[in-house]
Amino acid sequence: MRTAIALLLLPLLAACQSPNPYQAESLPLPPAPPGAAASFDRSAYPAAPRDFGRYRSWSWLGGQLPAGSAWAGSELLAESLGHGLDQQGLRPAPPGQPGDLQVAASLNLERRLRQYYDDYGAYYGHGRYWDGYGAWGSMPLLRTYEEEVAVVRVELFDGRDGQPIWSGSGEARSGGSQRERADALRAAIKAALHGYPPY
């Protein structure tokens, strides 16, 4: 048995001893274009990750409060957003000093179509003390309605170079009374800032 295996492996070993018919060769690299050593293309490399821990204070972009609307005024939007930023560990910059972050926000009322499924069913039959016979059937019913929502968009810019570093949006149903509107605005801002800081 061993002799048969050795005889089968002998041609394989002989094939390994034959010279390689392929030869390695390559063309020389073309010369670098003139001025390549003096220029540096930053777009060819990924941007360095931002350290969001260094952002501790904020101020309004351009020193302007965010524009409100007839639904919620500029002061209410600014106050609610200030509370939301405070919940994220960001404090207002001292008066007259730029913050580590520049904040811009907008508020719009938009309409959304919502769909809900309801199952309506009925029982048909006859029985005494629920031991009789009958049939139960249900049919899904799709309901579509339109509602108005308050949409808050928040943009954060680096206070040093002005580059946009983060943005988020959130929405909530627009209530009827002033208190309901304030609650909806706070909920929309909380949703907008939910992903800050990115991990």
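Colleague: What should I know about the model before reading it?

Modeller: The model is predicted, so local features need pLDDT of at least 70 and side-chain atom pairs count only at pLDDT 80 or more, while totals for chains, interfaces and linings use all residues. Residues are numbered from 1 along each chain as its sequence is written, and side-chain values use heavy atoms, with hydrogens and water left out.

Colleague: What counts as a salt bridge, and how many salt bridges are there?

Modeller: A salt bridge is a side-chain nitrogen of Lys or Arg within 4 Å of a carboxyl oxygen of Asp or Glu. The count by this rule is nine. Among them, R50 bridges to D158 with the closest N and O atoms 3.1 Å apart.

Colleague: Where in the chain do R50 and D158 lie?

Modeller: R50 is in the loop between α1 (2–16) and β1 (57–60), D158 is in strand β4 (residues 133–158), and the two are 108 residues apart. Helices (H or I, at least four residues) and strands (E, at least two) are DSSP runs, numbered from the N terminus.

Colleague: Is D158 buried or exposed?

Modeller: Buried means under 20% relative accessible area, exposed over 50%, and partly exposed in between (1.4 Å probe, protein chains only). D158 is buried, at 2%, whereas R50 is partly exposed, at 34%.

Colleague: Which residue does R54 form a salt bridge with?

Modeller: R54 also pairs with D158, the closest N and O atoms being 2.6 Å apart. R54 lies in the loop between α1 and β1 and D158 in strand β4, so this pair ties together parts 104 residues apart in sequence. R54 is partly exposed, with a relative accessible area of 29%.

Colleague: How is a pair of aromatic rings described?

Modeller: By the distance of the centres and the angle of the planes. Rings of Phe, Tyr and Trp (its six-membered ring) pair if their centres lie within 6.5 Å; planes under 30 degrees apart count as stacked, over 60 as edge-to-face and the rest as tilted. The count here is four aromatic pairs. One of them, F52 with Y196, is edge-to-face, at 5.8 Å centre to centre and 75 degrees between the planes.

Colleague: Which residues form one aromatic cluster?

Modeller: F52, Y55, W166 and Y196 do.
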